[in-house]
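Please look through the sequence and the model shown here before reading the report.

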Amino acid sequence: MADIVNLRQLRKQKARADKEQTASQNRALHGRTKAEKQRDHLIADKSERFVAGHHREKSGEPDDSNQSDGQ
């Protein structure tokens, strides 16, 4: 004699399993701790400051700090 299977429950179990699999994939791809996010932010800030500190102005451009408003 065959086992009786409730198709509604089977469908719900499959949906839960699919949802859990999608969630685990998203956690692996996008999940980062707060410390990792802060570290990446600090590294980005440091690199921006490094580049800005080594920026050379073109000789033809006037210096913004010496300009007046025309008055």
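What follows is a report on a predicted model.

## Overall make-up

The protein contains 2 helices and 0 strands, and buried residues account for 0% of its 71 residues. Its accessible surface amounts to about 7,500 Å², with 52% of that area belonging to carbon and sulfur atoms.

## Helices

Helix H1 covers residues 7-30, and Arg-8, Leu-10, Lys-14 and Asp-18 are among the residues found in it.

Helix H2, made up of residues 34-53, has 20 residues and reaches 28 Å from its first C-alpha to its last, which is close to the 28 Å expected at 1.5 Å a residue. Because the number of buried residues among the 20 of H2 is 0, this helix lies largely in the open.

## Salt bridges

The whole structure holds 4 salt bridges. Side chains of opposite charge can pair when their charged atoms come close. One of these salt bridges joins the side chains of Lys-14 and Asp-18, with an N to O distance of 3.2 Å; both residues lie in helix H1, 4 residues apart, which is about one turn of the helix. An α-helix has 3.6 residues a turn, so residues three or four places apart point the same way. Lys-14 is exposed, at a relative accessible area of 53%, where the cut-off for exposed is over 50%, whereas Asp-18 is partly exposed at 35%.

A salt bridge also links the side chains of Arg-27 and Glu-20, at 3.1 Å from N to O, and Glu-20 counts as partly exposed, with 45% relative accessibility. The side chains of Asp-40 and Arg-32 meet in a salt bridge of 2.5 Å, again from N to O, and Arg-32, Arg-39 and Asp-40 are linked in a network of salt bridges.

## Surface patches

Arg-8, Arg-11, Lys-12 and Arg-16 gather on the surface in a patch of positive charge. Of these residues, Arg-8 counts as partly exposed because its relative accessibility is 44%, a value that falls between the limits of 20% for buried and 50% for exposed.

A nonpolar patch on the surface is formed by Val-5, Leu-7 and Leu-10, which together have about 290 Å² of accessible area. Leu-10, placed in helix H1, counts as partly exposed at 44% relative accessibility.

Conventions
Residues numbered from 1 in each chain as written. Predicted model: local features only at pLDDT ≥ 70, side-chain atom pairs only at ≥ 80, totals over all residues. Heavy atoms only, no water. Patch = residues over 30% accessible without salt bridge, like charges linked within 9 Å, V, L, I, M, F, W, Y side chains within 5 Å. Areas by Shrake-Rupley, 256 points an atom, 1.4 Å probe, with all protein chains shown as cover. Lys, Arg positive; Asp, Glu negative; His and termini not counted. Charge placed at Lys NZ, Arg CZ, Asp CG, Glu CD. Buried < 20%, exposed > 50% of the residue type's maximum accessible area, 1.4 Å probe, protein only. Expected span 1.5 Å × (residues − 1).
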